[in-house]
Amino acid sequence: MSNIYLRQATVDDLPKIIDIIDGAKKTLKDRGVDQWQAGYPDQEILKRDIQEDISYVLILDGEVVGSAALQQGYDKNYQDMTSGEWSSNSDVTYSIIHRIAVEPGHQGQHLSSALIQQLLTISHYLGYQDVRIDTHPDNLVMQHVITSNGFVEKGTITMDEDHGIRKAYQILLK
């Protein structure tokens with residue numbers, strides 16, 4: 001039985017988080033997915049996530065194996081949908097899961113699902129019932145992970161960072 005939990009990232013975690021993100025970029029490239037291939041997310045963004053206390057790391061048997069950011073409040077990229085619409089029961093504020101990645105050596109162990117589930121718990125604890133996430137239209141693996149964790153595809157959004165179209169998902173917690 002493995003010991004797995006989530007904790008807030010510290011600046012000491014930054015080198016490991018960068019390694020995990022770099023590994024995820026390579027995996028995406030190898031799968032032919034044009035996501036995270038133009039520099040984003042870079043070290044400055046990941047460092048800012050830690051400074052803003054929105055960066056989390058997934059610990060498996062004492063080792064950092066995954067990371068994600070949990071943005072709180074709102075995201076201007078999520079305000080105007082390119083197509084579709086958010087649930088009519090949406091909250092004014094919500095949490096958003098960003099920059100989710102698992103170390104390549106640990107892929108296939110359902111750790112992305114564990115990471116999402118833990119972030120849903122934290123979202124609820126912080127008072128958010130409306131949780132959102134997005135991914136590249138070609139990232140079929142992440143789309144499966146997202147929908148298998150209860151998120152519903154709501155439409156598409158356009159990201160300011162690269163003007164890329166992303167599939168947008170939402171889950172309303174009770």
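Ser67 is found in strand S3, where strands (E, at least two residues) and helices (H or I, at least four) are DSSP runs numbered from the N terminus. Ser67 is buried, with a relative accessible area of 2%; buried means under 20% relative accessible area, exposed means over 50%, and partly exposed lies in between, for a 1.4 Å probe and protein chains only. The model is a predicted one, in which local features need pLDDT of at least 70 and side-chain atom pairs count only at pLDDT 80 or more, while totals for chains, interfaces and linings use all residues. Residues are numbered from 1 along each chain as its sequence is written, and side-chain values use heavy atoms, with hydrogens and water left out.

If residues up to four places away in sequence are not counted, Ser67 touches Ile17, Ile20, Ile21, Tyr56, Val57, Arg99, Ile100, Ala101 and Leu115, where contact means heavy atoms within 4.5 Å. One of these partners, Val57, lies in strand S2 and is buried, with a relative accessible area of 0%. Leaving aside its neighbours within four places in sequence, Val57 is in contact with Tyr5, Leu6, Arg7, Ala9, Asp13, Ile17, Val64, Gly66 and Ser67. Val57 and Tyr74, on the other hand, are 17 residues apart in sequence and 22 Å apart in space, counted from C-alpha to C-alpha.

Arg99 has a positive phi of about 50 degrees although it is not a glycine. A positive phi, of about 65 degrees, is also found at His110, again not a glycine, but His110 lies in the loop between S5 and H3 and is exposed, with a relative accessible area of 65%. Gly105 lies in the loop between S5 and H3 as well, and at 62% relative accessibility it counts as exposed. The C-alpha atoms of Gly105 and Val92, residues 13 apart in sequence, are 39 Å apart in space.

We can now turn to the nonpolar cores. In soluble globular proteins, nonpolar side chains tend to be buried together. A nonpolar core is a set of buried Ala, Val, Leu, Ile, Met, Phe, Trp, Tyr and Cys residues joined through side-chain atoms within 4.5 Å. The largest nonpolar core here has 25 residues, and those with the most contacts inside it are Ile97, Ile116, Leu119 and Phe151. At least two residues of this core come from each of strand S2 (55-60), strand S3 (63-73), strand S5 (94-102), helix H3 (111-125), strand S6 (130-135), helix H4 (140-148) and strand S8 (165-172). H3 gives the most to this core, with six residues. Leu119 touches Leu6, Tyr56, Ala68, Leu70 and Ile97, when residues up to four places away in sequence are not counted. A second, separate core of 16 residues includes Val33, Trp36, Ile59 and Val64.

The next topic is the pair formed by helix H1 and helix H2. Helix H1 (residues 14-30) and helix H2 (residues 43-51) pack at an angle of about 130 degrees, with their axes 10 Å apart; the axes are lines fitted to C-alpha atoms, for helices over the stretch in contact, and angles run from 0 to 180 degrees between N-to-C directions. That makes H1 oblique to H2, because angles under 35 degrees count as roughly parallel, over 145 as roughly antiparallel, 65 to 115 as roughly perpendicular and the rest as oblique. In this contact, Leu14, Ile17, Ile18 and Ile21 in H1 meet Gln43, Leu46, Lys47 and Ile50 in H2. By class, the contact of H1 with H2 has six nonpolar, one polar and one charged residues, where Ala, Val, Leu, Ile, Met, Phe, Trp, Tyr, Cys and Pro count as nonpolar, Asp, Glu, Lys and Arg as charged, and the others, Gly among them, as polar. In the loop between H1 and H2 lies Pro41, and a cis peptide bond, with omega about -10 degrees, joins Tyr40 and Pro41.
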